[in-house]
Amino acid sequence: MFRLLGMLTRNLIYAIPAMMLAGFAYGLLADTAWLKAMIVPFTFLMVYPMMVTLKVRKVFEGGDAKAQILTQLINFGLTPFLAFGVGLLFFRHNPYMALGLLLAGLVPTSGMTISWTGFAKGNMSAAIKMTVIGLVAGSLATPFYVEALMGAAIPMQLSAVIKQIAVIVFLPMALGYLTQRWLVSRYGQQRFQRDLGPKFPGLSTVGVLGIVFVALALKARTIAAAPGLLLEILLPLLLLYGVNFFVSTVIGKALLPRGDAIALVYGSVMRNLSIALAIAINAFGTQGSDAALVIAMAYIVQVQSAAWYVRFTPKVFGLPEPEPESKQAPQPA
C-alpha cells in the first residue's frame, strides 16, 4: 500500500488532474451532499502526516540568514499583494474566487519545497527552514491578511477563521510533533528517517486527492453550466506563478550563492496549497467551494511549473560545483 501511495506522491502531476476529472464526473452523475461530511477527515489526513516529518529543530541552525530574510520578505511583502491584485483584475465580480487566489498566495512552502530544491541541487537545509518558518508565519498571518484585504467584500468572522486555522494547522502540528518524538524514542532517529518518516507523505497525498475530488464534485454542475470557467481560473494562476518565478529568480541570482538562490525560488514560489484548501473549504462555508476550485487548479500549475523549472535550473544558475574527490587509499605494495 505504501509503495502505491509513494507512486501517487511522485506522480501528482497526473494524479491531481485525474482526481479532478473523477470528482467532476461524480458531481454530474450523483448526489454530492454526503461529501461535505468527508471534508474534515480528508483535511486531517492531508495535514497531520506532513507534520509528523516536519524538522522543527532545523530552524535554529544558522548559516543562511540572508536567504531566509529575502524569502520571507517575498512571501509576506510581495506575494499576498500580488495575488490580491491579480484577483481584483480577473475576479472582480466573484470575490470568493479572488479569495481562493489570495489564500493560494498566503501560506508559503510545503513539503514539495524541500523535494524540488533537492531535485535542482539547491540548499536543502535552507529549504527545510523556509518550510517551517513559512508554515507557522503564514498560518498566523492568514486571517489578518484576509480581513485586511478582503474583509469588505467577504463576510467573515476573524475569530472563526483563527479557530479554524488552529484546528487545521496547529492541532495537527502538535500531534504530528508528538508522534515524531514517540516514533524516534521507540525506533531511533535513523530508522525513523529511513523507514518510517518516508511513509507519511503518501498518507497526506490521499487527503489532498480526497479534498480535490470533493471540491470538484461540489462545483461540477457550476462548471458544466459555464465550461470556460476553468480557463478563466487558469489565466490568473499562470500570471501569479509566472511573476513569482521571475521575481524570485532575479533576486536569488543577484544576491545569493547558487544553492541558497534555488532554495529561495522554491521557498517563495511553492505554496502550501493543502493548508489553503483546508482553510477555504472549512472556514468559509458553502461559498468556500469557489475558493477551493481555484486552489485545486493551482495544484496543477504549481506542480507543472516546478517540474519545468528544475529542467531549466542549470541554464539559469549554472551547474553545481562538483564535490571534491575523496583521497584514494594507498595501494598495497
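Q: By class, what residues does the lining of the second largest pocket have?
A: In this predicted model, that lining has six polar, four nonpolar and three charged residues.

Q: And which of the lining residues lie nearest the centre of that pocket?
A: Lys36, Leu218, Gly285, Thr286 and Ser289 do, out of 13 residues that line the second largest pocket.

Q: Which elements give two or more residues to that lining?
A: Two helices are on that list: α11, residues 200-225, and α15, residues 288-317.

Q: Where does the largest share come from?
A: From α15, which supplies three residues of the lining.

Q: What volume does the second largest pocket have?
A: Its volume is about 200 Å³.

Q: Switching to helix packing. At what angle do the axes of α4 and α8 cross?
A: The axis of α4 (residues 65-77) crosses that of α8 (residues 124-150) at roughly 30°, and the two come within 10 Å. Angles under 35 degrees count as roughly parallel, so α4 is roughly parallel to α8.

Q: Is the crossing left-handed or right-handed?
A: Right-handed, as α4 passes α8.

Q: Which residues make the contact?
A: On α4 they are Ala67, Gln68, Thr71, Gln72 and Phe76. On α8 they are Ala126, Lys129, Met130, Ile133, Gly134, Ala137, Gly138 and Tyr145.

Q: How many of those are nonpolar, polar or charged?
A: The contact of α4 with α8 has seven nonpolar residues, five polar and one charged.

Key
Residues numbered from 1 in each chain as written. Predicted model: local features only at pLDDT ≥ 70, side-chain atom pairs only at ≥ 80, totals over all residues. Heavy atoms only, no water. 1 Å grid on protein atoms, 1.4 Å probe; cavity = no way out; pocket = protein on both sides within 12 Å on 5 of 7 lines; lining within 4 Å. Points joined across faces, edges and corners; volume = space filled by probe spheres on them. Helix = DSSP H or I, 4+ residues; strand = E, 2+ residues; numbered from the N terminus. Nonpolar A, V, L, I, M, F, W, Y, C, P; charged D, E, K, R; others polar. Axes fitted to C-alpha atoms, helices over the stretch in contact; angles between N-to-C directions. Parallel < 35°, antiparallel > 145°, perpendicular 65-115°, else oblique. Left-handed = near helix turned anticlockwise from the far one by under 90°. Contact = heavy atoms within 4.5 Å.
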